[in-house]
Amino acid sequence: MATVSAAPTPQTSDRAPEPFTDGYHLAVDALLRNDIRTMYGVVGIPITDLARLAQASGIRYIGFRHESDAGHAAAAAGFLTGRPGVCLTVSGPGFLNGLVALANATTNCFPVVQISGSSERGIIDLRRGDYEEIDQLAAARPLVKAAYRVDRAEDIGRGLARAIRTAVSGRPGGVYLDIPAAVLGEVVEAEKGAASLPRVVDPAPRQLPQPGAVDRAIELLAGAERPLVVLGKGAAYARADKRIREFIERTGLPFLPMSMAKGLLPDDHPQSVATARSLALRRADVVMLIGARLNWLLGHGEAPQWNPDVRFVQVDIDPVELDGNRPIDAPLVGDAASVMDVLTERTAPGRITVPKAWRAELAARSAQNVAKMTERIEAAGKAHPMKFLGALRAVRDVLHDHPGAYVVNEGANALDFARNVLDMRVPRHRLDSGTWGIMGIGMGYAIAAAVETGEPVVAVEGDSAFGFSGMEMETACRYGLPVVTVVLNNSGVYRGDDVSTTADPAPTALRAQYHLMMPAFGGVGYRATTPAEVDRALREALASGKPALIDCVIDPTDGTESGHLTNLNPKGVADIARPTS
Ligand code: ADP
Ligand code: TZD
């Protein structure tokens, strides 16, 4: 517990305890009482002393350059630890900067609490024009799982407990906790304050499915001719790794991991059909979704991507998710760990089997696709200027020798290619643009992965994607974190060969040598023009355990507009010249 003192600043917190405390101390004590040991943020009025006091009291405070990045870091911490990540921001614009990350975390079902200081209520509510004036509670509410405000110092503990439980229970998400400046400075009796700090007990209790519901799912799977399991990041978050693997191996079911579920079972597992993805989705007649939503990433479960007669088993912690896109024949509501426990227990040996013809069909397509991809990667490895696939082959080979490294990935082509080429072998080691397809998560996610796990992190970034959070390389350097950023630099958003019709650069054009920024931060920068140079630089950077950036010079004509999402660009009637692949 932080020292209880009448003074608001940590400098005086080693004085003899006095009979009074204040909002700052209560907030820090409430965080400590709930085992929050790391906080990500950007300081300023009115929370600078809160960060100082937290740091002096044993909470690791990681200071960022922009609140979105701090918020993304807190979100990644939530996903990686299963406990709420905490982001600290100032009022008004700082709060709003953080809100993007909080909304993204909510969309991705990551548990986070954003704590923001706020200005004076009496002035805000009458719109009298306060410093950084915004009605923060109202602004946050529609975008997050829940938003709370603490109006009395004695409620700080209650507010944080409520925020923590809301963030992690049921479907995890982002929670906003507003603490007005006046509440942080409010003085209360120390004894009363100490009694106001609850510890949240069992914040994410197990949720068991009904046995009848489990038997219905087993029956559906047992009757399937072409069954398939789709693993989503909810399955990864549930930490049901052993149970899921056991069920899949016992039944022999083919499985397909969504991008952040890669590694839940190793990508080279013989039952993985990731390399026959389109066929598996188009042909499967019974699909068991585990912690994966039928959203745009899965074509909403509809034809032509899916067999129109497909029937679904869906394992999800949130009953409201079910039936949203397709009717769910066998809903299994509960946390994936509990559901898989009961499912494994109630599945008699030999009850669920996979017809030989289906296995053979998948294996044949998989072999065909693997051969094609291997050929493409080999050819790209020889191409000059370097192609995405050439650089990524080198990254893949180095990562094979560093299986514990975390991978962060964003961009368009950089995301699509890397998702396919970089195989994962360990659960929860891949973090990417996720449900929104958001750019800007890169450095926040990478820094949090390094902070929370102490393991090396390789962030594979499109050059545009990197720009959103690139300044946080300074943060990685300041804290000496083992973050190696690989920028796949093809000089543009999507491609780098767009031609402008005016004197200005084309809308998609970018131009930078990103490695040159590293010396300014005290880190190491590399420039790589061949796969061999990528290999060398990445091995050296990982061996050093220090922050580094490798600027990979990629052919500006490589890649496609919007990566594999080209068809989401509205067509209209105008004839617009675009670069083509
Ligand atoms: P992906 O993008 O990997 O397909 P989604 O983010 O779409 O995954 O889906 C994750 C789903 O997992 C959400 O519907 C969420 O409610 C669910 N979920 C989150 N935590 C758990 C859990 N512990 N057990 C089961 N389902 C969970
Ligand atoms: N802003 C935000 C916050 N998210 C987004 N997804 C976008 C803008 C639009 N966008 C994409 O969807 S991908 C992308 C942008 C700007 C960058 C693609 O360029 P890149 O990757 O250099 O990162 P590739 O490898 O060159 O395609």
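Residues are numbered from 1 along each chain as written, and chains are lettered from A and ligands numbered from 1 in written order. In this predicted model local features need pLDDT of at least 70, side-chain atom pairs need 80 or more, and totals for chains, interfaces and linings use all residues; side-chain values use heavy atoms, without hydrogens and water.

Biologist: How many residues surround ligand 1?
Modeller: A residue is near if one of its heavy atoms lies within 4 Å. The closest include Arg171 and Lys233. The total is 21 residues.

Biologist: How far is the side chain of aspartate 316 from an oxygen atom of ligand 1?
Modeller: A polar contact here is a pair of N or O atoms within 3.5 Å. Arginine 171 has a polar side-chain atom 2.8 Å from a ligand 1 oxygen. For an N or O atom in the aspartate 316 side chain, the distance is 2.5 Å.

Biologist: How much of the accessible area of ligand 1 does the protein cover?
Modeller: Areas come from the Shrake-Rupley method with a 1.4 Å probe. On its own, ligand 1 has 580 Å². The protein covers 97%.

Biologist: Where does ligand 1 lie relative to domain 1 and domain 2?
Modeller: The bounds, 19-194 and 211-362, come from an automatic or database assignment. Both domains give residues to the shell, so ligand 1 lies between them.

Biologist: Which residue is the bridge partner of glutamate 410 in β16?
Modeller: Strands are DSSP E runs of at least two residues, and two pair with at least two bridges. Five bridges join β14 to β16 in parallel. The partner is glutamate 461.

Methods
A polar contact is a pair of N or O atoms within 3.5 Å; within protein, one must be able to donate a hydrogen and the other to accept it, and residues adjacent in sequence count only if both atoms are side-chain atoms. Helices (H or I, at least four residues) and strands (E, at least two) are DSSP runs, numbered from the N terminus.
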